[in-house]
Amino acid sequence: MPLISGNWKMNLSHAEAVQAVKKLGILLEGMKSELTKPEIRRLEAVEISIHPTFVALRSVQSVVEAESIPVMLGAQNCHWEDSGAFTGEVSPIMLSKLNVRYVIVGHSERRRIMGESDEMINTKLKAVFRCGMIPILCVGEDLDQRENNETESLLAYQVKAAVDGVSPDNLSKLVIAYEPVWAIGTGISATLDQAQQGCQAVHSLVGSSARVLYGGSVNADNASQLVRCDGIDGLLVGGASLNPDSFADIVKQSVIS
Ligand code: PEP
């Protein structure tokens, strides 16, 4: 089942997040009147997750459940312990109690700005599984690494380090987002070939059951071609997911013939 995930990053207050998800629900429902029957079936088969900030999660959960909005709840990060003296952190068990389904782990902004190590990412990833949720592991090369032809070796290193000790059963449920760092928030998406090669390289490391998303400046213009590439099982969308109109448009472009 394809997955389209919206990473809201450090944006939208809890009230704005509620407005955004309500509008997204209305747009997803309204979209059906413009789609053919096969397209509606494809829409129903797409899984959509939204990843608000921690402070908005509870409010968004309430409205999603009360209004049966067809999106899964996601988080952007978590700690690896269930509780304890970790000031400022949020535990995976707390997220699971809010019915969070997907947790982004190892986003490049956390690796780069917060100094998250591969070991921390591995521990977080296992904690997310332990609490019954699914990690969306982010991997991807920076521009220097691409220019030095290090993309595949870097992907192999990041993926192997992150999944060390993960059971085959959990590995098959894992979601990995191939996100070239140079494409994130820059407006410069990877070409279809680059996106496909990266996603296929990740698939070759974890098998075909794990889902591999592409992320990096996805918008309504490039979404349709990206999701049709063999080996790309969905999209991780940052900036364009903040506006319900553009996020709904990305979903629509992904399902129309
Ligand atoms: C992201 O932050 O995961 C991302 C893909 O951002 P953007 O879509 O804005 O490039």
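Predicted model: local features only at pLDDT ≥ 70, side-chain atom pairs only at ≥ 80, totals over all residues.

Let's start inside, at Val21. If we skip its neighbours within four places in sequence, Val21 is in contact with Trp8, Ile50, Val60, Val63, Val64, Ile69 and Val71; contact here means heavy atoms within 4.5 Å. Residues are numbered from 1 along each chain as its sequence is written, and side-chain values use heavy atoms, with hydrogens and water left out.

So which residues have the most contacts inside the largest nonpolar core? They are Val21, Val71, Leu95, Val100, Val103, Val202 and Tyr214, in a core of 72 residues. The largest share of that core, seven residues, comes from α1. By nonpolar core I mean a set of buried Ala, Val, Leu, Ile, Met, Phe, Trp, Tyr and Cys residues joined through side-chain atoms within 4.5 Å. Buried is under 20% relative accessible area, exposed is over 50%, and partly exposed is in between, with a 1.4 Å probe and protein chains only. There's also a second, separate core of 10 residues, and Tyr102, Cys138, Val175 and Leu236 are among them. As a general point, nonpolar side chains tend to be buried together in soluble globular proteins.

Zooming out, the chain has 12 helices and eight strands; those are DSSP runs numbered from the N terminus, helices being H or I with at least four residues and strands E with at least two. Buried residues make up 53% of the 257 residues. Of the contacts with a separation of 6 or more, 72% are between residues 24 or more positions apart. The C-alpha trace spans about 45 × 45 × 35 Å along its principal axes.

Is Met10 buried or exposed? Met10 is exposed, because its relative accessible area is 80%. You'll find Met10 in the loop between β1 (3-7) and α1 (14-31). Not counting residues up to four places away in sequence, Met10 touches Thr53 and Gln76. The C-alpha atoms of Met10 and Thr53 are separated by 6.2 Å, although the two residues are 43 apart along the chain.

The other one is Thr151, in helix α8 (residues 151-163). Thr151 counts as buried because its relative accessibility is 11%. Leaving aside neighbours within four places in sequence, Thr151 is in contact with Glu141, Gln145, Arg146 and Tyr178.

That's my bit, over to you.
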